[in-house]
Amino acid sequence: KNMDTLIGVVGKDFTVIASDTSTARSVLRFTSSADKIMELDSHKLMGFGGETGDYLNFCEYIQRNVALSEFRTGIKMSTSAAVHFTRGELATALRKGPYMTNLLVGGYDKDVGPSLYWID
């Protein structure tokens, strides 16, 4: 079994995401220094867990597409928009070859404030 820990906390004007740093399968620990939190942009983070290859491929894909959207439009995605895009891509992937990943996305938007979302 693969076991990961993701923790998110939302306060009045902040969001915090924390994760373990261990990559393991069954009784084998491959590394104890894995970074399981990725910066989507300056105000959004994504924590992830699951199968290593799946979460790395999927999260890098999301990170690049969030950056591409900003590059094309000149407007940063809100945290909610980034989460809806991620959910849509994960749902599309279910029909092709599912990703075994769990995500915690947190961010801070000027108009909305802090937010935290769970996607699996």
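In helix α2 of this predicted model, the residues Thr79, Ala82, Val83, Thr86, Leu90 and Ala93 are buried, where buried means under 20% relative accessible area, exposed over 50% and partly exposed in between, computed with a 1.4 Å probe on protein chains only. Seen down the axis of α2, these buried residues fall within an arc of 95°, so they line one face of the helix; the arc is that of the directions from the helix axis to the C-beta atoms. The face turned away from the buried side of α2 carries the exposed residues His84 and Arg95.

Helix α2 covers residues 79-96, which makes 18 residues, and reaches 26 Å from its first C-alpha to its last, close to the 26 Å expected at 1.5 Å a residue, the expected span being 1.5 Å times one less than the number of residues. Helices (H or I, at least four residues) and strands (E, at least two) are DSSP runs, numbered from the N terminus. Residues are numbered from 1 along each chain as its sequence is written. Local features need pLDDT of at least 70 and side-chain atom pairs count only at pLDDT 80 or more, while totals for chains, interfaces and linings use all residues, and side-chain values use heavy atoms, with hydrogens and water left out.

The cover over the buried residues of α2 includes β6 (44-50), α1 (52-73), β7 (101-109) and β8 (113-119), with contact taken as heavy atoms within 4.5 Å. Of these elements, β7 and β8 pair in the antiparallel sense over 7 bridges, given that two strands pair if DSSP finds at least two bridges between them. A hairpin joins β7 to β8 through 3 residues, and the bridge partner of Leu103 is Ile119 in β8.

Rings of Phe, Tyr and Trp (its six-membered ring) pair if their centres lie within 6.5 Å, with planes under 30 degrees apart counted as stacked, over 60 as edge-to-face and the rest as tilted; by this rule the count comes to 2 aromatic pairs.

| Aromatic pair | Centre to centre | Angle between planes | Class |
|---|---|---|---|
| Phe48 and Tyr55 | 4.9 Å | 40° | tilted |
| Phe58 and Tyr99 | 4.9 Å | 45° | tilted |

Phe58, in helix α1, and Tyr99, in the loop between α2 and β7, are 41 residues apart, and their pair links distant parts of the chain. Phe58 is buried at a relative accessible area of 1%, whereas Tyr99 is partly exposed at 28%. In the other pair, Phe48 is buried at 2% relative accessibility, and Tyr55 is buried at 3%.

Asn57 also lies in helix α1 and counts as exposed at 52% relative accessibility; its C-alpha atom is separated by 9.0 Å from that of Tyr99, 42 residues apart along the chain.
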